[in-house]
Amino acid sequence: MSPHPISTPILRVALDVPLPRLFDYLCGDAQGEDVGYRVRVPFGRSEKVGVVVAVLAESEQPADKLKAAGEVLRDMPRLPSDWLALCEFCARYYQHPLGEVMALALPPMLRKGKLPRRLKDKASAAAAEISRPTLHPEQQAAYAAIDAAENAFQPFLLHGITGSGKTEVYLHAIESVLARGRQALMLVPEIALTPQLEGRVAARFPNARIVSAHSGLADAARARGFLDALEGRADIVLGTRLSVFTPLPRLGLIVVDEEHDASFKQQEGLRYSARDMAVLRAKQLNVPIVLGSATPSLETWYHAQNGRYTLLALTNRAVAEAPPRVRCIDTRREKLQDGLSAAMFGAIEHRLSRGEQSLIFLNRRGYAPVLACPSCGWVSTCKRCAANMVVHLADRRMRCHHCGCESHIPAACPDCGNQDIHPFGRGTQRLEETLAQRFPQARVLRVDRDSANSPTKWRALLDAVHANEVDILIGTQMLAKGHDFPKLTLVGTLGADAALFAADFRAPERLFAQLMQVGGRSGRAELPGEVLIQTEYPDHPLYQALIEHDFERFAATQLEEREQAGFPPYTFQALLRAEAPSIDQSLEFLARSRAAAQALLDNNEQYAEHISLYDPVPMRMFRLMSLERAQLLVESPSRPALQAFLTQWMELLYAQKAGRELRWHLDVDPLEF
Ligand code: ADP
Ligand code: ZN
Ligand code: ZN
């Protein structure tokens with residue numbers, strides 16, 4: 001098709017529509033410098049707001065097919081070219097429409113073409129006394145290395161257990177970046193953790209403008225923060241994964257705390273990794289980036305081993321004290337009482353007698369994972385998912401943890417009428433009941449997504465722990481992260497073994513991180529902590545490494561296994577997933593997609609030999625909300641080869657008719673299988 005010369009300038013616009021293309025509009029008053037402005041355009045029967053990505057003299061489309069753009073919104077500064085480049089990279093890498101990437105990167109208000117009302121500037125705080133500890137030698141060395149990397153892309157892995165003083169290193173590095181008139185971006189895994197950190201950052205930098213960026217903010221506040229950053233007023237942006245898209249014209253340093261945390265990877269829509277985008281951004285802008293963790297992801301650890309990242313290690317706790325003592329309780333030879341060993345009961349009792357707190361960690365909420373009939377074998381299953389209905393005795397309901405649907409608890413077996421049906425297995429509610437019965441004098445508190453289902457309740461639960469109104473805490477992974485309980489000296493974990501033999505090759509990595517993290521909750525103040533792991537495999541290398549606090553050893557074994565099995569970080573993966581009312585439809589779509597992929601490979605020697613296509617298989621949770629799901633794995637030892645292949649393959653997939661009932665998506669670098 002030959003381009004049609006047109007006298008009116010043309011705006012090429014990225015729009016929030018699920019199509020991998022851009023849209024051209026005629027625009028009489030377009031100016032060459034309009035790239036990066038938002039613009040209103042007619043779309044179908046309605047209007048949309050998009051971002052101008054190019055101003056052109058001609059379009060591939062005939063002029064009479066082009067509609068006229070509406071108003072160019074020049075009331076906000078242009079989105080800078082590095083922001084556009086970041087979005088473009090993200091769209092390419094994750095094979096996602098650019099307009100959808102930008103729609104995610106922009107706060108909802110700005111995406112709708114609106115602007116927040118400006119607030120008056122707060123008077124800057126009176127110069128308060130800032131207490132800044134003198135860094136220990138290891139911290140000092142880490143800080144000096146980061147500081148020396150000014151104006152250069154250099155990724156650092158700051159490896160140190162909870163309490164080793166990583167945050168203190170970040171704060172020093174940020175301080176010197178601010179002193180040079182630059183901005184800092186700090187990513188944290190969870191909204192729940194931001195207030196605590198915000199407080200610490202604000203206390204350290206009373207005169208800096210700190211913007212928080214996460215999806216829990218009101219629309220106007222989020223848009224205002226984005227504008228503060230864009231217009232260069234913000235000094236520090238602190239936020240969850242989406243804050244990686246905050247435009248920062250003077251950016252001088254990026255920090256990703258708890259870089260291993262799975263929440264940096266979005267699990268729906270645009271399945272991006274904010275950590276990986278952060279590294280890319282640092283590279284684009286030639287600034288240092290610090291990834292911090294006690295248990296780095298094996299991808300990051302691998303880079304630190306092969307020299308692509310610089311390893312900075314903090315080997316001791318900052319405030320002199322021993323790390324918690326970790327022990328396994330061998331449950332093979334002991335009859336457990338309601339799931340708990342005598343040693344665990346004894347350890348809790350001991351804490352009670354000393355007025356200290358215990359935390360029993362069980363990553364399964366509800367009363368029991370299933371209700372079953374012993375006489376006919378019936379079990380409570382969800383009608384819509386390939387999952388069991390979980391018994392919630394607290395409100396006498398059964399609930400599916402995957403789709404949220406509920407029902408009452410039947411009085412008798414729905415299949416055979418047997419009235420003697422039982423909850424099987426153990427969840428946090430049942431554990432709460434057990435411990436309350438066993439220790440009637442103790443104050444028992446359960447913290448999980450049921451008891452802390454709002455920020456207010458969550459706050460109240462934390463306050464109760466801090467006010468020492470709790471003796472025994474029962475918690476899921478919600479409690480594992482970042483909370484500092486000075487009176488807590490015992491952490492017990494139940495049911496950890498399941499992850500040792502899970503099908504997902506990342507399960508051990510996650511278990512190790514979780515147990516390290518949960519162990520880090522104990523003994524943070526002057527009281528020494530203890531971690532007890534109930535297990536049938538006390539000699540398992542993972543537990544042995546935990547006992548020795550030896551992440552290096554654990555990581556080395558894991559990397560060896562991954563290399564032998566050909567898993568990441570030694571290969572790169574992408575998953576094509578499909579869901580439809582029946583599994584046959586999903587599998588059929590994937591089979592067709594696979595055939596198309598094979599044809600591509602047959603015609604392209606360049607990368608064909610680097611790409612492995614697997615067979616379509618039903619997903620482990622093969623039914624979710626009445627949709628049946630299957631997936632197809634593509635793997636390559638070469639990232640460029642995989643990228644080149646995916647780009648071509650996606651064109652074919654978008655072009656092929658999928659059928660109305662079928663939905664599909666591609667997940668690049670998937671974390672979950
Ligand atoms: P991490 O981020 O690794 O968990 P933090 O930076 O939060 O560690 O440090 C843990 C505790 O030790 C904090 O209370 C912090 O104020 C304190 N701390 C850190 N570094 C020092 C230091 N050099 N001197 C004294 N206290 C320190
Ligand atoms: Zn029955
Ligand atoms: Zn369900």
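Mentor: Let's start with the shell around ligand 1, which by class has five nonpolar, eight polar and four charged residues. Bear in mind that this is a predicted model.

Trainee: How many residues surround ligand 1, and which are the closest?
Mentor: There are 17 around ligand 1, and the closest are Thr-134, Gln-139, Gly-163, Thr-167 and Arg-200. Helix H5 (residues 166-179) gives the largest share of that shell, three residues.

Trainee: How much of ligand 1 does the protein bury?
Mentor: Taken alone, ligand 1 exposes 550 Å², and the protein buries 75% of that.

Trainee: Over to the metal. How do you know which residues are the protein donors of the zinc ion (ligand 2)?
Mentor: Go by distance. The SG atoms of Cys-373, Cys-376, Cys-413 and Cys-416 lie 2.3 to 2.4 Å from the zinc ion.

Trainee: Why is the site of the zinc ion (ligand 2) called tetrahedral?
Mentor: The angles among its four donor atoms run from 106 to 114°. The ideal angle for four tetrahedral donors is 109.5 degrees.

Trainee: How are the donor residues of the zinc ion (ligand 2) spaced in sequence?
Mentor: The pattern is C-x2-C-x36-C-x2-C. Distant parts of the chain are linked here: Cys-373 is in the loop between strands S16 (370-372) and S17 (390-392), and Cys-413, 40 residues apart from it, is in the loop between strands S19 (406-408) and S20 (422-424).

Trainee: Are Cys-373 and Cys-413 buried or exposed?
Mentor: Cys-373 has a relative accessible area of 3%, and Cys-413 has 4%. Buried means under 20%, so both cysteines get that label.

Trainee: Why is Ser-626 called partly exposed?
Mentor: Its relative accessibility is 37%. That falls between the 20% and 50% limits, so Ser-626 is partly exposed. Look for Ser-626 in the loop between strands S27 (617-624) and S28 (627-636).

Trainee: Now the backbone. What makes Gln-95 and Glu-258 stand out?
Mentor: Gln-95 has a positive phi of about 55° without being a glycine, and Glu-258 likewise has a positive phi of about 55°. Most residues other than glycine have a negative phi. Gln-95 lies in the loop between helices H1 (81-93) and H2 (98-105), while Glu-258 is in the loop between strand S11 (251-257) and helix H8 (274-285).

Trainee: And why does Glu-258 count as buried?
Mentor: Its relative accessible area is 18%, and the limit is under 20%, so Glu-258 is buried. Gln-95, at 11%, is buried too.

Trainee: How do you know that the bond between Pro-568 and Pro-569 is cis?
Mentor: Check omega, which is about 5° for that peptide bond. Pro-569 is in the loop between helix H15 (551-565) and strand S25 (572-580).

Technical notes: Residues numbered from 1 in each chain as written. Chains lettered and ligands numbered in written order. Predicted model: local features only at pLDDT ≥ 70, side-chain atom pairs only at ≥ 80, totals over all residues. Heavy atoms only, no water. Donors = N, O, S within 2.8 Å, 3.2 Å for Na, K, Ca; no water. Tetrahedral: all angles 85-135°; square planar, octahedral: opposite > 155°, others 65-115°. Helix = DSSP H or I, 4+ residues; strand = E, 2+ residues; numbered from the N terminus. Buried < 20%, exposed > 50% of the residue type's maximum accessible area, 1.4 Å probe, protein only. Near = heavy atom within 4 Å. Areas by Shrake-Rupley, 256 points an atom, 1.4 Å probe, with all protein chains shown as cover. Nonpolar A, V, L, I, M, F, W, Y, C, P; charged D, E, K, R; others polar.
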